[in-house]
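Me: I would like to learn how to read a protein structure. Could you take me through this one, feature by feature?

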Amino acid sequence: VTWSPDSDKIAFTLRSAGGPGDPPRGPLQLWVADAKTGKARQLLDRPINGVFEDYDWVDGNTIIASVLPNNLGPPPPQPLAPLGPRIEDNSDGRSSQSRTYPDLLKSPYDEHLFEHYCQSELVMIDIPSGKVSTLAADAGPRLYNAFSPSPDGQYLLISWFERPFSYAVPCGRFPKKVELWTREGEFI
């Protein structure tokens, strides 16, 4: 739940718990509520991708959000056999301390699942009109992991993950591309 910069609205995500007596668990939805009246409405009919950053206020009437791509199909099937051996080399015989992280990528199949579940598109939502525009639509879905509007709302700092992925460190240390865009999604 976040307040708009002018404190007139509240944005929040919503999903059914899917428990007994609840509707089936569905995709994450983005809603906005008027702080004075308490009336809330759904902003998008596209699901939010909440794996990383899901939305942020650009100004009092505009939100940028990370949504699932329209053409996202089912996750890739798991191969029946491993794609190859896992090879680690310590031929120099030196021992060293290494950190142990839980939940690292372990195989090419894990990489495909990571790409499938983390890909998204960025959209800009004009709250009063309900107009939704896709930013950098020609680039297609990416693995967006962060976006931050400038204080005046005229620029966006955008970052996404790129290959190669590591099996030794968490995704926060994967290679990233960081760009500065206009609020219309044009690269600066």
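Predicted model: local features only at pLDDT ≥ 70, side-chain atom pairs only at ≥ 80, totals over all residues.

Me: How many helices and strands does the chain have?

Reply: First, the terms: helices (H or I, at least four residues) and strands (E, at least two) are DSSP runs, numbered from the N terminus. Here the chain has 1 helix and 11 strands. Along the sequence the pattern is β-β-β-β-β-β-α-β-β-β-β-β.

Me: In what order do β1, β2, β3 and β4 lie in their sheet?

Reply: Pairing comes first: two strands pair if DSSP finds at least two bridges between them. In this chain, 4 strands form an open sheet in the order β1-β2-β3-β4, with antiparallel pairing. Its edge strands are β1 (2-3) and β4 (40-42), and each pairs on one side only.

Me: How many bridges join β2 to β3?

Reply: Strand β2 (residues 9-14) and strand β3 (residues 29-34) are joined by 6 bridges and run antiparallel. Look at two examples. K9 stands opposite D34 in β3. F12 has W31 of β3 as its bridge partner.

Me: What joins β3 to β4?

Reply: Between these antiparallel strands there are 3 bridges. The two strands form a hairpin with 5 residues between them. In the turn, G38 has a positive phi of about 80°.

Me: Which strands make up the other open sheet of 4 strands?

Reply: The order there is β5-β6-β7-β8, and the pairing is antiparallel. The edge strands are β5 (55-59) and β8, each pairing on one side only. From one strand to the next, the twist averages 30°. For such angles, axes are lines fitted to C-alpha atoms, for helices over the stretch in contact, and angles run from 0 to 180 degrees between N-to-C directions.

Me: Which residues pair up between β6 and β7?

Reply: Strand β6 (residues 62-67) and strand β7 (residues 121-126) run antiparallel, and 6 bridges join them. Among the pairs, T62 has D126 in β7 as its bridge partner. I63 stands opposite I125 in β7.

Me: How does β7 meet β8?

Reply: Through 4 bridges, with the strands running antiparallel. L122 has L135 in β8 as its bridge partner. The hairpin of β7 and β8 has 5 residues between the strands, and G130 takes a positive phi near 80°.

Me: Is β7 enclosed or open?

Reply: Check burial: buried means under 20% relative accessible area, exposed over 50%, and partly exposed in between (1.4 Å probe, protein chains only). In β7, 5 of the 6 residues are buried, so the strand is largely enclosed by the rest of the structure. Over the chain, 33% of the 188 residues count as buried.

Me: Which residues of the helix are buried?

Reply: The general idea is that an α-helix has 3.6 residues a turn, so residues three or four places apart point the same way. In helix α1 (residues 108-118), the buried residues are Y109, E111, F114, H116 and C118. The buried residues of α1 pack against β9 and β10. Contact here means heavy atoms within 4.5 Å.

Me: Which residues does the cis peptide bond join?

Reply: The bond joins R163 and P164, and omega is about 5°. P164 is found in the loop between β10 (155-161) and β11 (176-182).

Terms used: Residues numbered from 1 in each chain as written. Heavy atoms only, no water.
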